[in-house]
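Hello,

Here is the structure I promised to pass on. Please look it over, then read my notes below.

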Amino acid sequence: MITKIEENDGIMTVYLEGRMDTPSSSETDDELAPLYETECKEIVIDCSQLDYIASSGLRIFLSLLLDTQPQGKHISIKGMNQTLRDVFDMTGFTDLFDFI
């Protein structure tokens, strides 16, 4: 799993690549720490290179949402393939996030 974060014009963009499975989730969660501390109010998670997400990965998305919303931050997800979108649909996560 590769995680890359860029800041541009007040928007934090997270690029996820590979498989967000149980073994990689802990490391990915640690790599997302700057999102909790940033002053940027807009966070975009680019999933165009994300091949798979396990329940531990879903937990990371939910924790990020629940911890950043009270800070006035907004999270959008883009580039999600149909398989991942189906997982988000089945778990009700499509109702929690904005997709661009």
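**The aromatic residues**

Both Phe61 and Phe88 are buried, meaning under 20% relative accessible area with a 1.4 Å probe and protein chains only; over 50% is exposed, and in between is partly exposed. Two notes on the source: this is a predicted model, where local features need pLDDT of at least 70, side-chain atom pairs count only at pLDDT 80 or more, and totals for chains, interfaces and linings use all residues. Residues are numbered from 1 along each chain as its sequence is written, and side-chain values use heavy atoms, leaving out hydrogens and water.

A search of the whole structure finds 6 aromatic pairs. Rings of Phe, Tyr and Trp (its six-membered ring) pair if their centres lie within 6.5 Å; planes under 30 degrees apart are stacked, over 60 edge-to-face, the rest tilted. Phe61 and Phe88 make an edge-to-face pair, at 5.5 Å centre to centre and 80° between the planes. Phe61 is in helix 3 and Phe88 in helix 4, 27 residues apart. Helices (H or I, at least four residues) and strands (E, at least two) are DSSP runs, numbered from the N terminus.

Phe88 also pairs edge-to-face with Phe99, at 6.1 Å and 85°. Phe88 lies in helix 4 and Phe99 in strand 5, so this pair ties together parts 11 residues apart in sequence. Phe99 counts as partly exposed because its relative accessibility is 23%. Phe61, Phe88, Phe93, Phe97 and Phe99 form one aromatic cluster.

**The core**

The largest nonpolar core has 25 residues. Such a core is a set of buried Ala, Val, Leu, Ile, Met, Phe, Trp, Tyr and Cys residues joined through side-chain atoms within 4.5 Å. Ile45, Phe61 and Phe88 have the most contacts inside this core. Not counting residues up to four places away in sequence, Ile45 touches residues including Val14, Leu16, Phe61 and Ile75; contact means heavy atoms within 4.5 Å.

**The sheet**

What order do the 5 strands take? They form an open sheet, 1-2-3-4-5, with mixed pairing. Two strands pair if DSSP finds at least two bridges between them. The edge strands, strand 1 (2–8) and strand 5 (98–99), each pair on one side only. Strand 4 and strand 5 pair in the parallel sense over 2 bridges. Ile77 stands opposite Phe99 in strand 5.

Lys41 sits in the loop between helix 2 (33–37) and strand 3 (42–53). Lys41 is partly exposed because its relative accessible area is 42%.

Best wishes
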